[in-house]
Amino acid sequence: MTDAVGNRQDLNADENSCAAWIARFLKARGIDRIFGLQGGHIQPIWDHVARQGIRIVDVRDEGAAVHMAHAHAELTGGFGVAMVTAGPGVTNTVTAMCNASLARIPVLLIGGCTSRPQANMGPLQDIPHVDIMGPITRTARTLRVPEQVVREFDEAVARATGDSGEPGPVYLEIPTDVLRTHVPSQLVLREWMEAKPARALPPDPAAVVKAVEVFWSAKRPLVMTGRGARGANAALVRLLDATGALYLDTQESRGLVPADHPSTVAAVRAAAMAEADVVLLIGRKLDYQVGYGSPAVFPSARFIRLSDAPGELIDNRRGQPELLASPALALETMVAAAGNRESSIDKAWADGLRRRHRERIAAAASTKHRPTTGADGKIHPRAIFDAIAGVADADYIGIADGGDLLSFARTGLQASTYMDAGAFGCLGVGVPFAIAAALALPGRQVISVNGDGAFGINAMEIDTAVRHGAKVVFVVSNNAAWNIERLDQEMNYGGRVVGTALRHSDYAAMARALGAHGERVEKPADLPGALGRALNNAPALVDVVTSQTVISSDAQKGLGFVPDFQALTVWDEAERKRRQT
C-alpha cells in the first residue's frame, strides 16, 4: 500500500502488536510451518509468521490446510497449525476439523473474524464461527482482550494436546483490530510462551492389581489398540511377550507392533474377537469398527479398558477394570506387577489362530494364480499394491483414501507408516495427508493411493505439492465410479444405478497440466515401470484404469449397505439373533 505521494506504508510494523506476539508464541512452541489460505482478516498474523521464519504452506482449499496440519501433527508427534480467513474460510474447514476431532489429533486452527467496531453490523464474511466450531473442538473462542491473547493461546494448546481430557482440535479467532493492538511486553508472561512437558498419568495401583489378575488368568486373552496407544510400542510388545496374548491393531494403530510379531493375528480377526474371553482395549473407543463391543461380536469377552482419556473408557461396554492412565506407563506397571507369573493362556487355542493367520498371509502374498484384471479386462485394484510392494523402499509412508479401494489398501499397502480416512470415513484426505507427510519427512518415500472419487475432492492440491516441492507419488485407481455405492445400488436396489458413475477421466493429464509428472496405465505389466518413474520424478501421479467388476471385501461384508444395528452384515445378523433370544 502507498500513501497519497506514493510512499510504501507498513501497517504491520509494530513488533509488539498482538499479531506479532502470536507469531512469537508459535515460534517458541516449535512450530516450523503453518498450513493455510490467506485473507485480509488474518493478514497481520500471516505477515508476522513469515517474518519469524515460519514456513507458510499455502493451499488451494482451507479444508486441505487442516488435513495437512492433522497429518503433520500425527507424523511429528507435535501439534499442527492451520490458518484461514473469516466466513467461508472457516466454514470450509468444518469437515477436516470433525475428522481431527474423531481422530483425537491436536490441531490449532486460527481463524479470522471482523473487527470489534463492526461486530453485529453485517460486515464482510461475518458468521458465528465459534458456534459452528464449538461442538467439534476441545475449545472454540473469540479472543477480544489483546493482553490476554497469548495466555489464551497457551490454554488452547494445552487443551489440544489433552491437558483437559481427550486431545483434539481447537479453534481461536481474533478480531482484526485486536491483532493490530499494541501489547506491552510486561503484560505477556514468559510462562505463557514456554512449551510444556508432556504429562504422564500414573495408573491406580489397585486397578493394576485387578487388571493383572484378570488378564493373566485369561484362557483366550486378546489385546486391541487404537490411536491412544501410540507411543506405547515397547511396553505393548513386552506385555505380549510376557503373556503370549494375541494382538489386533486397528486402522489408526497400525505399526505399533511389527506385522511379523508372533502375537499378531490380523488375518483371523473375526475368530479372535469371537473367541476371546478377555480383551484388553488400549486407547480406543468401541465404535462401529469393533462392533461397539457388543456381545454379538464378542460373545465371550470381558473387557479391560486402558486410556489416558476418560471418553475412551466409558462408551458402550465398561471395563472390568478400567485404568485411566498413560498407556505406556500402565502397561509397564502391569508387567512389573505380574513379575514371573505364568499366563494361563490356552496355548493350543493361541497356536491354532497363529497358524491360521500365517497360512492366510502366505496365501494372500502369493501372486502365482492371482488375477491381474477384472472381468471387464481392466486392471484389478490389487495389482496396484503388488506393484508398489515391488518398487517401494522398506520404510515408505503409505496413505490410502477411498471407499471401495480402502479394503484393498488395508491389507495391500504394507507400509511402515500408514494413514487413511479413519473412523470418520473422511474421503479426500489422501492428497493433503501425503503432501504434509512429504514435507515433514522429506527423506522417505510417500505413496498415496486414492480412489478416483476421493481423489477429486482435493485434486487441485497437486498444485500445492508442485509449488512446495512435496515429493509425493499419487496413485489414482480410476474405475470411473463411486464403486462401493454403485455396487450397493446394483445389488440391493433393483439395479438402479443413480449418481454413482464417473468417467475414466485423464488424471495424468491433469497432473501434467499442474506441473507434476503424470502417466496413465492401462495394462498390469506396465505398473512397476510407471511407479518406478514416478518415484524418480516426484511429485508425480500414476493414473491406473481399474476394473469396476471386482467386488471388494468391504462391499461383500455390507459396509456400504448400512445395516440397522452393525456396520457389517455378519455382525448385524448376529446382533439381530442376540436381540431375539
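**Note on buried strands, cysteines and salt bridges**

1. Glu 490 counts as partly exposed, at 40% relative accessibility. The model is a predicted one. Glu 490 meets Arg 486 in a salt bridge, with 3.0 Å from N to O. Arg 486 is buried, its relative accessible area being 7%. Both residues belong to helix H20 (residues 483-492), and because they are four residues apart there, about one helical turn separates them. Elsewhere, Arg 141, Arg 151, Glu 152, Glu 155 and Arg 159 form one network, joined by salt bridges that share partners.

2. How many salt bridges does a search of the whole structure find? The number is 40. One of them joins the side chains of Arg 51 and Glu 15, at 2.5 Å from N to O. Arg 51 sits in helix H2 (residues 43-51) and Glu 15 in the segment before helix H1 (18-28), so this pair ties together parts that are 36 residues apart in sequence. Arg 51 is partly exposed at 39% relative accessibility, and Glu 15 is partly exposed with a relative accessible area of 42%.

3. A further salt bridge is formed by the side chains of Arg 60 and Asp 463, at 3.0 Å from N to O. Arg 60 is partly exposed, with a relative accessible area of 43%, whereas Asp 463 counts as buried at 14% relative accessibility.

4. Strand S17 (residues 540-545) is largely enclosed by the rest of the structure, because six of its six residues are buried. The burial applies to both faces: Ala 540, Val 542 and Val 544 are covered on one side, and Leu 541, Asp 543 and Val 545 on the other.

5. Which strands are joined to S17 by bridges? Strand S15 (residues 472-478) runs parallel to S17 and is joined to it by six bridges. In this pairing Phe 474 stands opposite Leu 541. Strand S16 (residues 517-521) also runs parallel to S17, with five bridges between the two. Val 521 has Val 544 of S17 as its bridge partner.

6. Strand S4 (107-113) is another covered strand, with seven of its seven residues buried. Val 107, Leu 109, Gly 111 and Cys 113 point one way from S4, while Leu 108, Ile 110 and Gly 112 point the other way. S4 pairs in the parallel sense with strand S3 (residues 80-84) over five bridges, and Val 81 stands opposite Leu 108 there. S4 also pairs in the parallel sense with S6, over six bridges. In that pairing Pro 175 of S6 is the residue opposite Cys 113.

7. Helix H5 (residues 94-102) has Ala 96, Met 97, Cys 98, Asn 99, Ala 100 and Ser 101 buried. Where do these residues pack? Their contacts are with helix H3 (62-76), strand S4, helix H6 (129-133), strand S6 (170-175) and helix H17 (430-440). Just after the helix, Arg 104 has a positive phi of about 50 degrees.

8. With a disulfide taken as two cysteine sulfur atoms within 2.5 Å, the count comes to zero. Cys 98 is in no disulfide, and the nearest cysteine sulfur, that of Cys 426, is 8.4 Å away. Cys 98 counts as buried at 17% relative accessibility. For Cys 113, the closest cysteine sulfur is in Cys 18, at 11 Å, which is too far for a bond. Cys 113 is buried as well, with a relative accessible area of 6%.

9. Is Ser 407 buried or exposed? Ser 407 is buried, with a relative accessible area of 7%. Ser 407 lies in helix H16 (residues 404-412). A polar atom of the Ser 407 side chain is 3.2 Å from the backbone oxygen of Asp 404. Apart from neighbours within four places in sequence, Ser 407 is in contact with Ser 552, Ser 553 and Asp 554.

Conventions
Residues are numbered from 1 along each chain as its sequence is written. This is a predicted model: local features need pLDDT of at least 70, side-chain atom pairs count only at pLDDT 80 or more; totals for chains, interfaces and linings use all residues. Side-chain values use heavy atoms; hydrogens and water are left out. Buried means under 20% relative accessible area, exposed over 50%, partly exposed in between (1.4 Å probe, protein chains only). Two strands pair if DSSP finds at least two bridges between them. Contact means heavy atoms within 4.5 Å. A polar contact is a pair of N or O atoms within 3.5 Å; within protein, one must be able to donate a hydrogen and the other to accept it, and residues adjacent in sequence count only if both atoms are side-chain atoms. A salt bridge is a side-chain nitrogen of Lys or Arg within 4 Å of a carboxyl oxygen of Asp or Glu.
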